[in-house]
Amino acid sequence: MAATASTSPISNGAPGAPFGVATSASRQSVTRRLQSELMQLMMSAPSGVSAFPVSDDNLLAWAGTIEGPDDTYYAGMKFKISLEFPQEYPYKPPHVKFTSPMYHPNIDMGGNICLDILQNTWSAALNVQTVLLSLQSLLGEPNNKSPLNGEAASLWDFPEKYRVRLDQRCKRED
Amino acid sequence: MAEKLFNYVHGLEEPDDAITLLLSQLSCSQTRNDDLEQSFIDAHTIYIRQRCVQLFTEFNKEYLESTNRHNQSTEAIVMKLLDLIFSCWNTIVYPPRMDVIFEKKPYILEACQIPFAAVVRACTDTDAIVQTLARNSISTSLQSNIRKCGLDVETNAILSIQIPIVAENYINQNFRNHYDSSDLQNIKAWVRNELERDLGIILFNHKDASLSTSRVMDIATQALCKLRIKELYDIIESENRVGLEELRETMNVPELRNLAVQTFLAECDQNLLSGAADTPELLHSYLRAVKGFSILDPTGVLLERVGKHIRPNLQERGDLSQEIAAGLFGLKSSPLEFLSKIDQTKVAPQKAEAINKAFDNWVPDPLDTPADFVRKQNQDIVFTLLSLIEKKDQLMKNLAYLFKDAVIPKFNKDPLPSESTATESMSLDMPQDSHGSSDDTGLHLQATYSRLTDRLGETGMESIRVMVDDYIRSTKLLSSDSLVVSRAYWPSFSSAKSYTSDCLRWPDDFKQKLKDVEMKFQSEYSETYIGLEWMPEFSYTSLSLHFEDRDLHLTVTTDQAIAISLFDENKSEIKFEDILSNSCFEDEQVLRNLLLFWVHMKVLLYNESDDSYSVLETIEEDNGNHQSIDVDSEYQNNQNKNHEKLQVYWSFIVGMLTNLDRLPVEKIHSFLSFVPSDDPFVQSKQELENYLMAMVDEGKLLYDKQTMHFSLPK
């Protein structure tokens with residue numbers, strides 16, 4: 001009756017949860033939330049941003065990719081970021097950093113980012129996708145009033161000088 | 001005076017003299033002379049200690065240390081020791097003339113007893129004394145002597161250790177595995193008739209309430225309780241009500257309740273909560289535990305603790321909701337089929353009388369009730385199981401599949417009766433003999449649906465409702481071998497290939513049947529009719545194939561039948577592209593899989609060089625032309641399924657390679673387990689690698705042979 005088995009809609013296999021045994025309810029719920037966010041992100045595939053867990057046994061650490069938006073200094077460039085989710089996610093924001101070299105008024109040389117939604121104005125309604133898109137738009141619209149990189153902020157309105165400094169720090173891909 | 005006492009203490013003076021002196025002193029003075037009394041007591045205490053040590057040391061030498069011991073029974077030695085103790089008492093501690101003082105001043109007596117008892121303890125084996133006392137009838141005078149010399153305190157201490165041991169041994173020996181009958185009365189009788197008689201005299205006449213009769217009864221009951229707790233797992237597994245009720249009666253302190261839970265859970269860990277136990281087995285055991293602990297502790301406090309331990313184990317099981325769904329649905333093959341037979345207990349509105357009764361019978365929650373505990377009312381087994389399922393929609397999905405399987409017969413190995421030769425998708429064979437009349441099936445489905453909605457509510461059951469309605473509508477309107485379904489509501493139909501009756505090359509009589517169904521349906525629903533499409537892969541066709549050297553009689557899916565019908569009467573090779581253009585199968589892959597099936601059936605031969613197929617008219621015997629249908633059709637179906645599934649995963653593969661750059665196939669394989677799906681990722685690594693290599697060929701991926709990593713093209 002193998003033919004039936006193969007057409008049977010219900011799978012017989014019962015592999016457990018993909019992340020092993022969750023240790024607590026909170027661990028379970030953050031895992032579940034991240035898993036559904038991953039699914040959503042993969043299925044909607046927003047253009048120019050992407051992210052994925054770094055390893056298959058820990059859903060709390062992701063790597064992301066942000067492409068510089070057209071009509072900005074960063075057009076044609078690709079940047080890597082890391083996202084670390086706390087156990088309390090989504091009630092606390094993820095810790096996000098640029099891992100590839102970056103030159104931007106609101107991003108310091110260590111890759112740390114000054115973005116309000118990642119600090120004070122974080123809300124559980126936000127998600128990985130909104131974070132990625134916010135970062136992408138931050139590239140074109142920095143907040144020059146509270147810079148982490150003063151030089152970048154002061155050069156922002158001088159395209160030629162800015163491009164030189166940017167190219168020194170980050171290699172363009174094309 | 002002081003000097004006299006000193007001499008007395010050091011044995012230089014006979015006690016008699018000292019006592020005489022003391023008495024005269026005490027009687028002379030009308031006023032109390034506390035100092036003098038105290039000095040005397042102190043002196044007397046030292047005197048007793050010294051004399052006793054001396055005597056007992058001699059005794060030890062004579063009876064306990066020397067070889068003499070071997071010649072005498074312990075009992076005899078102890079009797080001798082008792083003699084010694086009593087003579088000691090009578091001559092040294094409490095000589096007759098002391099009465100005068102001691103009767104007036106009981107505290108003097110007390111002060112003297114303590115050192116005496118200490119000496120007795122130090123010098124001898126008190127356990128043996130007590131056991132001897134316990135075994136031998138002791139005269140009342142002896143008893144009072146024992147009490148006087150302070151041994152009774154000792155005795156009590158030892159009895160509180162001894163009685164539980166005696167009781168435990170007796171109960172373990174006589175009542176092990178006896179839990180199917182009530183033993184409590186027997187044990188009470190034994191305590192009254194035997195234990196009390198043996199230990200009684202010392203014990204029960206004693207004024208110390210801590211070792212009263214009821215205490216001994218408690219000890220024996222507790223021993224029984226501990227025995228039953230050890231057996232609790234077996235008692236619960238065998239659903240033994242008597243054993244459970246007896247345990248409930250004896251399990252009266254929080255420590256024992258705690259022990260019961262811990263012992264049971266430890267057994268569970270060992271016997272049950274491992275990968276080896278399949279889910280239905282685990283569910284059964286869980287239900288037995290629920291039943292058992294509800295009897296043990298009607299308040300549910302213990303059950304909550306047990307549940308907290310077992311439930312996560314169940315919830316981890318991927319097939320949990322599938323098993324429960326099969327049980328609820330009443331699938332005959334389900335180990336949990338009985339679930340479908342349990343009527344929902346309706347919560348009757350409480351009458352005033354019942355409320356009063358409940359009020360009268362109210363008992364407080366047990367001491368070990370957690371602060372956040374809430375008493376659960378009227379929970380039946382089904383409710384308990386349903387509460388395990390976190391995702392209700394998963395349950396509904398599983399139920400929908402069960403309804404589908406009930407309506408659409410599974411592949412039958414034996415060819416179906418020839419007149420019911422295949423139909424198609426929206427229309428399906430209903431083998432009459434296996435399912436009873438289709439009316440019955442409809443009624444049965446309807447009853448099952450309403451039973452399930454009583455239990456689960458109608459939310460989420462909408463698609464099942466549509467399925468049942470579809471089925472009933474079809475059986476009323478159409479011949480019993482066709483089924484018109486509302487495609488979007490049936491599981492696994494929405495992605496299936498469908499064709500109009502004009503599209504595929506159906507056999508003529510067959511096509512007529514399809515047209516008839518369409519006509520009937522159109523006339524019945526003329527206003528809303530848009531058209532029917534047929535899904536051949538969900539129906540079955542019996543066919544006979546005649547070759548030069550053999551005949552084959554098979555029941556295959558209708559799309560497979562249509563594929564082979566393309567070769568009817570055609571003996572030459574046909575190129576794949578010609579087959580494709582001739583067949584109306586739009587999807588190249590679908591057709592290739594169908595042909596592959598026939599190649600595996602050794603009906604067709606594939607010529608790779610010019611991508612063509614031909615009929616294998618003769619077959620060499622040793623090739624074994626009786627290939628199993630099962631294996632091959634499964635192969636074919638899997639090919640289809642895998643291909644579709646992998647396409648779903650493509651977006652994940654792109655996602656991981658975008659962010660993680662380069663990955664080996666193993667990593668990609670394990671990452672794909674992230675994909676949440678009803679059907680967890682089961683593709684083998686080899687299949688995935690084949691798929692990835694195909695993508696490399698198509699230029700969608702890059703492969704580095706040295707590092708064996710895949711990456712996205714820039």
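**Figure 1. Right-handed crossing of α27(B) and α28(B).** The view is taken from a predicted model. Helix α27 covers residues 576–583 of chain B and helix α28 covers residues 588–600 of chain B; their axes are 11 Å apart and the packing angle is about 110°. Angles of 65 to 115 degrees count as roughly perpendicular, and α27(B) and α28(B) are therefore roughly perpendicular to each other. On the α27(B) side the contact is made by B:Phe576, B:Ile579, B:Leu580 and B:Ser583, and on the α28(B) side by B:Glu588, B:Leu591, B:Arg592 and B:Leu595. Five of the residues in the contact of α27(B) with α28(B) are nonpolar, one is polar and two are charged.

**Figure 2. Packing of α18(B) against α21(B), a right-handed crossing.** Helix α18 (residues 320–329) and helix α21 (residues 392–407), both of chain B, cross at roughly 50°, and their axes come within 9 Å. The two helices, α18(B) and α21(B), are therefore oblique to each other. From α18(B), the residues in the contact are B:Ser321, B:Gln322, B:Ile324, B:Ala325, B:Ala326 and B:Phe329; they meet B:Gln394, B:Leu395, B:Asn398, B:Leu399, B:Leu402, B:Phe403 and B:Ala406 of α21(B). The contact of α18(B) with α21(B) holds nine nonpolar and four polar residues, and no charged ones.

Figure 3. A:Cys114 sits in the loop of chain A between β4 (95–98) and α3 (128–140). Its relative accessibility is 28%, so A:Cys114 counts as partly exposed. When neighbours within four places in sequence are left aside, the contacts of A:Cys114 are A:Asn106, A:Gln119, A:Ser146 and A:Leu148.

**Figure 4. The cis peptide bond from A:Tyr89 to A:Pro90.** Omega for this bond is near 5°. A:Pro90 belongs to the loop between β3 (78–84) and β4 of chain A.

**Figure 5. Positive phi at B:Glu239.** B:Glu239 is not a glycine, yet its phi is positive, at about 50°. The residue B:Glu239 is in the loop that runs between α13 (232–237) and α14 (241–250) of chain B. With a relative accessible area of 41%, B:Glu239 is partly exposed.

**Figure 6. Positive phi at B:Asp661.** Although B:Asp661 is not a glycine, its phi is positive, with a value of about 65°. B:Asp661 is placed in the loop between α29 (629–660) and β6 (662–664) of chain B. The relative accessible area of B:Asp661 is 42%, so the residue is partly exposed.

Key: Residues are numbered from 1 along each chain as its sequence is written. Chains are lettered from A and ligands numbered from 1 in the order in which they are written. This is a predicted model: local features need pLDDT of at least 70, side-chain atom pairs count only at pLDDT 80 or more; totals for chains, interfaces and linings use all residues. Side-chain values use heavy atoms; hydrogens and water are left out. Helices (H or I, at least four residues) and strands (E, at least two) are DSSP runs, numbered from the N terminus. Buried means under 20% relative accessible area, exposed over 50%, partly exposed in between (1.4 Å probe, protein chains only). Contact means heavy atoms within 4.5 Å. Axes are lines fitted to C-alpha atoms, for helices over the stretch in contact, and angles run from 0 to 180 degrees between N-to-C directions. Angles under 35 degrees count as roughly parallel, over 145 as roughly antiparallel, 65 to 115 as roughly perpendicular and the rest as oblique. A crossing is left-handed if the near helix is turned anticlockwise from the far one by less than a right angle, and right-handed if clockwise. Ala, Val, Leu, Ile, Met, Phe, Trp, Tyr, Cys and Pro count as nonpolar, Asp, Glu, Lys and Arg as charged, and the others, Gly among them, as polar.
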